[in-house]
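Biologist: I have a new structure to look at. Can you walk me through it?
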Amino acid sequence: MDKSKIKILVLGAGISGLSTAFWLNNDGFDLTVLEAKNEPGGSMETRRKDGFLIDYGPNSGLETTPLIGQIVEEVGLKNEMIYASETANKRYILKNNRLYALPTGPAAFLKTGLFSTKAKLRLLAEPFIGKSEDGYYQSISEFVKRRLGQEFLDYAINPFVAGVFAGNPDQLSVQSAFPKLYRLEELYGGLVKGLILGARERKKQAETSKQHARLFSFKNGMQDLPKAIANKLGDKVKYNCRVEKIMKFKDKFKVLYNQGGSPEENIADIVLSTIPAYTAASIFSDFDTTLLNHLNEIYYPPVKVLYLGFRKDSIGQPLDGFGFLIPEKEKKPFLGAIFSSTIFPYRAKENLAAFTLFIGGARSPELLEKENERLVNRVLLEFKEIMKIDVKEDPTFIEERMWPKGIPQYTLGYIEHERYFEKFELDNSGIFLGGNYRGGISVGDCIKNSEITHQRIKAFINKKG
Ligand SMILES: Cc1cc2nc3c(=O)[nH]c(=O)nc-3n(C[C@H](O)[C@H](O)[C@H](O)COP(=O)(O)OP(=O)(O)OC[C@H]3O[C@@H](n4cnc5c(N)ncnc54)[C@H](O)[C@@H]3O)c2cc1C
């Protein structure tokens, strides 16, 4: 088989599309990546402004798989990779307008004022609680409340889900959104038992649990990684190319796209789509309406990122952590804040501190429909109170970024989408659906799934002969 004769088109130059393209390119296949924007990265978007380094999307990734180190090394970015300072291990939760450090060990857990004695005692019952039924139709809230109690749900998991998915634990399927958590119950009969026994299993597989994985970024921000991958792919990545339609064409596929205003087309043996589900829906409209329904049903709530700079000496609250998350019960107009310049160096000038705040998400999308100036002022006021900044102190820097469709939510019954995507790929051999609406939304999961997709594509080609 002459590999260079197999034509592969990858749609989207976010981390999912680029990682798979990088590995396929290393294998020697004829490959083109079509990207609508004029730069690589998708959600991984970084800018420099007034001495601040702003990540509008992910601020960091968790190094949960050795694949991350491998790809970083292969694209020549190893010297640019940085790890979060030790300080970032501390994570705060807001309760009654006070920040409590999330306990990281049994002694701290017993002492913390974040949970009542009743809630602490309730945790002791966890190993004795039996398994549940179908995790695909069980919400994270139901799962956590049953295993760990209401208070743990309200003051640990609810804010955590807002921090990861900008999501609402009542709406998300525990098995689709947090498969590893659900597996602890399925395999080991409980979370405590599972954490102990699961650690041994991970050691064998060279995987790192999310609690122990190191938090990474790059000196010039998260977009460095997709930029370096795209750089290696050179002119195989085509920018300003908005894909509009895919059609079957004999035993191949015809992809129609718009390149800077002019209509173009490309014929391919294999198409890997990594564009968001809502865009993929219109592109695949010629295939079948069931696929469209599945893709269109995936909910991407809006999220606003508010990036703030303050003089360090105006802040009363110690900047000794990753940041804080806000439980829904606290009724604040934002989800939490990351202490961006504490976690990584090079984020702000010496005398300034940088913060990234998140507003809206699935918890409160309606907030983002309100008048923006009033919303931002309200958030600023609350933020200053929490961080013990004088109410009259103005931020030295404000930057806003709206993601009208932020992160896909793996809602109850998401398995129906997953099963249909598998069926669709079987019925339409040569088409592969990837991206963050399949198999995990974190940068680490996207890279892991990209390698799985790479292997699936190779297996498909080998089978074809
Ligand atoms: C605000 C925010 C904060 C986040 N924070 C974190 C974090 O801290 N840690 C973490 O691990 N993850 C975080 N994530 C999640 C993570 O960044 C994403 O899930 C991941 O980057 C998605 O990568 P992707 O390649 O699958 O999709 P995308 O990045 O969405 O890439 C898809 C690409 O397809 C392109 N495209 C779209 N339509 C077309 C078309 N018609 N034709 C051609 N190209 C098209 C887009 O321009 C884009 O470049 C965050 C996400 C957001 C939005």
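**Domains, ligand and a helix pair**

Modeller: The protein chain splits into domain 1 (3–45 + 66–73 + 223–299 + 409–464), domain 2 (115–205) and domain 3 (301–403); the bounds come from an automatic or database domain assignment. This is a predicted model: local features need pLDDT of at least 70, side-chain atom pairs count only at pLDDT 80 or more, and totals for chains, interfaces and linings use all residues. Residues are numbered from 1 along each chain as its sequence is written.

Biologist: How many residues of domain 1 are in contact with domain 2?

Modeller: 8 residues of domain 1 are in contact with 10 of domain 2. Contact means C-beta atoms, placed from the backbone, within 7 Å. The C-alpha centres of these two domains lie 32 Å apart.

Biologist: New topic. How many residues surround the ligand?

Modeller: 36, and the closest are G12, G14, S16, G42 and P58. A residue is near if its C-beta atom, placed from the backbone, lies within 6 Å.

Biologist: Which element gives the most to that shell?

Modeller: α1 does, with 3 residues. Helices (H or I, at least four residues) and strands (E, at least two) are DSSP runs, numbered from the N terminus.

Biologist: And which domains give at least three residues each?

Modeller: Domain 1 and domain 3.

Biologist: Back to α1. At what angle does α1 cross α10?

Modeller: Roughly 35 degrees, and the axes come within 10 Å. Axes are lines fitted to C-alpha atoms, for helices over the stretch in contact, with angles from 0 to 180 degrees between N-to-C directions. Among the residues making the contact are L18 and F22 of α1 and I229 and L233 of α10.

How values were computed:
Contact = placed C-beta atoms within 7 Å.
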